[in-house]
Amino acid sequence: NVLQQAAMVGIIAGGMQLMIISGGFDLSVGIVAAAAGCAAAYVSLQHGIAIGILVGLVAGLLAGFVNGILVAKIGINPFVATFGTQAVVTGLLYAATGATPIAPLPSGWTDLGLKNIAGISFASLTFVVVILILLFVLRCTLFGQHIYAVGSNKEGSRRAGIHVDRVLIAVYAIGGLCAAIAGILLVSSAGIG
């Protein structure tokens with residue numbers, strides 16, 4: 001039960017961990033999760049749950065990518081860039097939904113949210129899988145080593161031949177994707193966008 005309750009926050013924290021290791025952070029993950037969940041819920045009303053989930057994931061990935069561009073290419077401080085993204089996404093979300101919930105959703109959403117596999121909730125399993133993937137990336141890949149190097153010394157990493165901008169953009173995009181996963185899980189457990 002504790003694992004299920006911590007799943008959404010834990011998935012967001014996993015993505016945030018990459019950003020923190022690379023020397024940044026993201027203030028917009030909460031609203032990105034909400035926007036991705038609402039996008040998934042809205043699209044699922046017209047085109048089915050699978051397409052809705054895909055759209056939600058793409059929305060989170062896109063928001064993270066934009067944050068990465070703002071931080072890495074334009075050079076805006078992560079606090080300012082992600083705070084601005086949070087404000088823009090909040091405004092877009094209010095305008096798109098009229099500040100009203102998206103409901104009722106197809107029954108498949110709550111089936112997904114209440115699904116148990118071997119006695120463990122789907123949200124808990126998703127949390128464990130996301131964390132294991134992120135740990136593998138950090139500990140066992142060259143990209144993970146580059147994340148640590150960039151967080152330790154950006155200029156030294158650049159001189160060592162690491163594409164710092166690409167690493168930062170990828171890290172923020174992964175953070176946005178993790179936020180989207182959490183937002184979709186929240187929609188599936190709450191049954192409302």
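I started from Phe-79, which lies in helix H4. The model I am reading is predicted.

Is Phe-79 buried or exposed, or partly exposed? I find a relative accessible area of 44% for Phe-79. Buried needs under 20% and exposed needs over 50%, with partly exposed in between. Phe-79 is therefore partly exposed at 44%. I then looked up Phe-83. Its relative accessibility is 48%, so Phe-83 also counts as partly exposed.

Entry 2, ring pairs. How many aromatic pairs does the rule give? I get a count of two. In one of them, Phe-79 pairs with Phe-83. The two ring centres are 6.1 Å apart, and the planes make an angle of 5°. Planes under 30 degrees apart count as stacked, so the pair of Phe-79 and Phe-83 is stacked. Both residues lie in helix H4. They are four residues apart, about one turn of the helix. I also noted Phe-25: ring pairs link Phe-25, Phe-79 and Phe-83 into a cluster.

Which residues make the nonpolar surface patch? I list Ile-20, Phe-25, Leu-27, Phe-79, Val-80 and Phe-83. The patch covers about 560 Å². Where does its largest share come from? I traced that share, three residues, to helix H4. This helix spans residues 78–97.

I keep two notes on Phe-79. Phe-79 is stacked with Phe-83.

Technical notes: Residues are numbered from 1 along each chain as its sequence is written. This is a predicted model: local features need pLDDT of at least 70, side-chain atom pairs count only at pLDDT 80 or more; totals for chains, interfaces and linings use all residues. Side-chain values use heavy atoms; hydrogens and water are left out. Patches are made of residues with over 30% relative accessible area and no salt bridge: like charges are joined within 9 Å, nonpolar side chains (Val, Leu, Ile, Met, Phe, Trp, Tyr) within 5 Å. Accessible areas come from the Shrake-Rupley method with a 1.4 Å probe; for residues, only the protein chains shown count as cover. A salt bridge is a side-chain nitrogen of Lys or Arg within 4 Å of a carboxyl oxygen of Asp or Glu. Helices (H or I, at least four residues) and strands (E, at least two) are DSSP runs, numbered from the N terminus. Buried means under 20% relative accessible area, exposed over 50%, partly exposed in between (1.4 Å probe, protein chains only). Rings of Phe, Tyr and Trp (its six-membered ring) pair if their centres lie within 6.5 Å; planes under 30 degrees apart count as stacked, over 60 as edge-to-face and the rest as tilted.
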